[in-house]
Structure formats: structure tokens, C-alpha cells
Amino acid sequence: MDSTLAGMGLGALGTMLSAGLDFALDYSNPGTMLAKYFDSHDKIRNNGYIEWW
């Protein structure tokens, strides 16, 4: 017997839980918030990279 969520027939629930946890951890990390702030104020805004020149 498989003890994973997918093995128990709960694959969609596992996917939703994983996505929710990723979302919560992204926004509780101060480094992520700083990177998003700097990315929104650099040379090419909101491209996912921090570029200073």
C-alpha cells in the first residue's frame, strides 16, 4: 500500500496543499519581498531579474 497522497487517491488535494504551502512560504520570506521590491525599481522593471546597469 502506497502511503503518499497520490496513492490514496488524493492527488488533487496534494497538489493544492503543495501550491498553498509554496505561496505561504514565498510571502513569509523577507528575501523574496526585497527581491520583488528591487525588481520593480530596476532598469527593466518586473522581468524577474535584478539588474543595476
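## Y37 and F38

Y37 comes out as partly exposed, since its relative accessibility is 45% (buried is under 20% relative accessible area, exposed over 50%, partly exposed in between, with a 1.4 Å probe and protein chains only). F38 is partly exposed too, with a relative accessible area of 34%.

Search the whole structure for aromatic pairs and you get 1. Its partners are Y37 and F38: the ring centres sit 5.7 Å apart with the planes at 65 degrees, so this is an edge-to-face pair (ring centres of Phe, Tyr or the six-membered ring of Trp within 6.5 Å; planes under 30 degrees apart are stacked, over 60 edge-to-face, the rest tilted).

## About the model

This is a predicted model, where local features need pLDDT of at least 70 and side-chain atom pairs pLDDT 80 or more, while totals for chains, interfaces and linings use all residues. Numbering runs from 1 along each chain as its sequence is written, and side-chain values use heavy atoms, with hydrogens and water left out.

## D39

D39 belongs to helix 2 (a DSSP run of H or I, at least four residues, numbered from the N terminus). D39 is buried but has no salt bridge, and K36, the nearest side chain of opposite charge, is 8.9 Å away (a salt bridge needs a Lys or Arg side-chain nitrogen within 4 Å of an Asp or Glu carboxyl oxygen).

What does the side chain of D39 reach at 3.1 Å? That would be the backbone nitrogen of G48. Beyond four places in sequence, D39 has contacts (heavy atoms within 4.5 Å) that include I44, R45 and Y49.

## D42

D42 lies in the segment after helix 2 (30-39). D42 is also buried without a salt bridge, with R45 as the nearest oppositely charged side chain at 6.2 Å. Leaving out residues up to four places away, D42 touches N47, Y49, I50 and E51.

Conventions:
Helices (H or I, at least four residues) and strands (E, at least two) are DSSP runs, numbered from the N terminus. Lys and Arg count as positive and Asp and Glu as negative; His and the chain ends are not counted. A polar contact is a pair of N or O atoms within 3.5 Å; within protein, one must be able to donate a hydrogen and the other to accept it, and residues adjacent in sequence count only if both atoms are side-chain atoms.
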